[in-house]
Amino acid sequence: MKQAIQNQVAEWAYTSGKPYADPFNEVTLDVVFTGPDGRQQRVPAFWAGEQTWRVRFAPSQPGAYRYRSVCSDTSNADLHGQEGALQAAPYQGDNPLLKHGRLQVAPDRRHLQHVDGTPFFWLADTWWMGFTKRLPWPAGFQELTADRVAKGFTVAQIVAGLYPDMEPFDERGANEAGFPWKPDFSQINPAYFDMADLRVAHMVQSGIAPCIVGEWGFFLGFAGQSALERHWRNLVARWGAYPVVWCAAGEATMNYYLNRPKDEAEAAERLKKAQTAWSEIIRGIRAADAFGN
């Protein structure tokens, strides 16, 4: 039986003995958790490289949980139908994000609160490039985090690899492990997100809620809707178990700076297509996120 702590992330891996030529695109893996109250949560797992997927789960209450893996390739016994149990102990610390639970809109619709009803004040700093080597891990990132905690900030807004102010694969957008995607947007680079993982975990441990901005809006044109949907599945699987907040895109319907529409008719058509695409992407985020971030 696996052991966990309420509101803290528990993580484990599933490795396939059956090789896939393109595992990121060929296979999806979810894990269905059943809590002590009978509530089920279907949590996506993320491709971690080679033939391995990892799942992250944060139990919202103490008690006994059961889980079962669900793979798109139902013939793969390493990935599909794997069952187990998890026992969650109460959280005993003072970190407000873990003590009071993740964030939500209060019933009066006028302020934010934790799930236990404790009010939350959103004082956010903007770290658009915080996952890149321009803010190096660990020294630079930890220094910035400590400074903002000391000044009372509660949130940091940070872009998940697809940045504003530059074209894709500009060197300024790389971190210690390179870029988040292959140049043709065919597959993610798991090592990029492994480095980002360290930063997200440190923010939460420090009491700063990560506001994850998935990408800048003009990446809809660069990468396409399908790639952004896969990008978001990866983000939700990686960080959904943490007390994060999702921001679907920065300036979602904005065209790339050097790709302006030639007239009002083209501008209107682009806007309509972008609005439709983002609505579909956001529905996908909501469907994938079992934690309601």
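Entry 1: I looked up an open sheet of four strands and found the order 12-13-14-15 with parallel pairing. Strands (E, at least two residues) and helices (H or I, at least four) are DSSP runs, numbered from the N terminus. Two strands pair if DSSP finds at least two bridges between them. This is a predicted model, in which local features need pLDDT of at least 70, side-chain atom pairs count only at pLDDT 80 or more, and totals for chains, interfaces and linings use all residues. Residues are numbered from 1 along each chain as its sequence is written, and side-chain values use heavy atoms, without hydrogens and water.

I noted strand 12 (124-126) and strand 15 (245-247) as the edge strands, each pairing on one side only. Strand 12 joins strand 13 (residues 155-159) in the parallel sense through three bridges; there, Ala124 has Val155 as its bridge partner.

**Entry 2: the helix on the sheet.** I then found helix 6 (residues 225-239) packed on the sheet, where it touches strand 14 (209-213) and strand 15. Contact means heavy atoms within 4.5 Å.

**Entry 3: strand 6.** I asked how many of the six residues of strand 6 (residues 52-57) are buried. Five are, so the strand is largely enclosed by the rest of the structure. Buried means under 20% relative accessible area, exposed over 50%, and partly exposed in between (1.4 Å probe, protein chains only).

Strand 2 (residues 10-15) pairs with strand 6 in the antiparallel sense over six bridges, and Ala10 stands opposite Phe57. Strand 5 (residues 46-49) also pairs antiparallel with strand 6, over three bridges; Phe46 has Arg54 as its bridge partner. In the hairpin of strands 5 and 6, with two residues between them, I recorded a positive phi near 55° for Glu50.

Terms used. Axes fitted to C-alpha atoms, helices over the stretch in contact; angles between N-to-C directions.
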